[in-house]
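Hi there,

Here is the structure I promised to pass on. Have a look at it first, and my notes on the charged pairs follow below.

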Amino acid sequence: ITAPTVTSKVYDGTTDATSCVTKGTVSGIFAMDSGVSVAIATATFNTADAWNDKIIAVTYSMTGDNNNNYIKPVDSTITSATITPATITYNAVGYSNIYDGSAHGITVNNITTKGSQSATITYCSTSNGTYNATELKYSDCVTQKVYFKITAPNHNEITDSATVTIAKATYDMSGVSFVDASKVYNGE
């Protein structure tokens, strides 16, 4: 059997590599034994973490009539496999309303990662500033883009933004009436 081939795998939190390993070409099985087949029994990464140059241990199995007349291929090791980082999915919503005196910010939720990894969200008022875990809230009239990063082990980092817009409130003067009045200035 020739060496197996490998493709990269997206991080899923497991060491299973069977989906990204293809067995090599099998030769030496006689035509009369066409029911004999060689398959990959297991293919396992040495760790589940995303990284380059990972090791995969491959074991083979043989099935079919007369398979006991053949020597099972030697198990092999692949030393150039890759688990690529997974993509984080999320929902981000800005805030837009009229001034009400309360503090408002963006909402980042529905965060989904692979392999039960916890995600961390950090915020900043500029794209190249220092991000921290404190959510940015605004109570005065403003239009402010809020930048955020979402990180999780073995995942691509997300950098995005949403906008907080607080418009000026109008005062309802419909219930106020003015009476014509005059006063002579007396120095006081």
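**Salt bridges and their surroundings**

Let me start with one lysine: Lys149 is partly exposed, because its relative accessibility is 23% and the buried class ends at under 20%. Please keep in mind that this is a predicted model.

Lys149 pairs with Glu157 in a salt bridge, and their closest N and O atoms lie 3.9 Å apart. Glu157 has a relative accessible area of 47%, so Glu157 is partly exposed too, given that the exposed class begins over 50%.

How many salt bridges are there in total? The count comes to four, and I describe three of them here, the pair above being one of the four.

Next comes the pair Lys137 and Glu135, whose side chains meet in a salt bridge with an N to O distance of 3.9 Å. Lys137 is partly exposed at a relative accessible area of 45%, and Glu135 is also partly exposed, at 42% relative accessibility.

The pair I would look at with you is Asp12 and Lys9. These two form a salt bridge, with 3.1 Å between the closest N and O atoms. Is Lys9 buried or exposed? Lys9 is buried, because its relative accessible area is 6% and the cut-off for buried is under 20%. Asp12, on the other hand, counts as partly exposed, with 35% relative accessibility.

Best wishes

Notes: Residues numbered from 1 in each chain as written. Predicted model: local features only at pLDDT ≥ 70, side-chain atom pairs only at ≥ 80, totals over all residues. Heavy atoms only, no water. Buried < 20%, exposed > 50% of the residue type's maximum accessible area, 1.4 Å probe, protein only.
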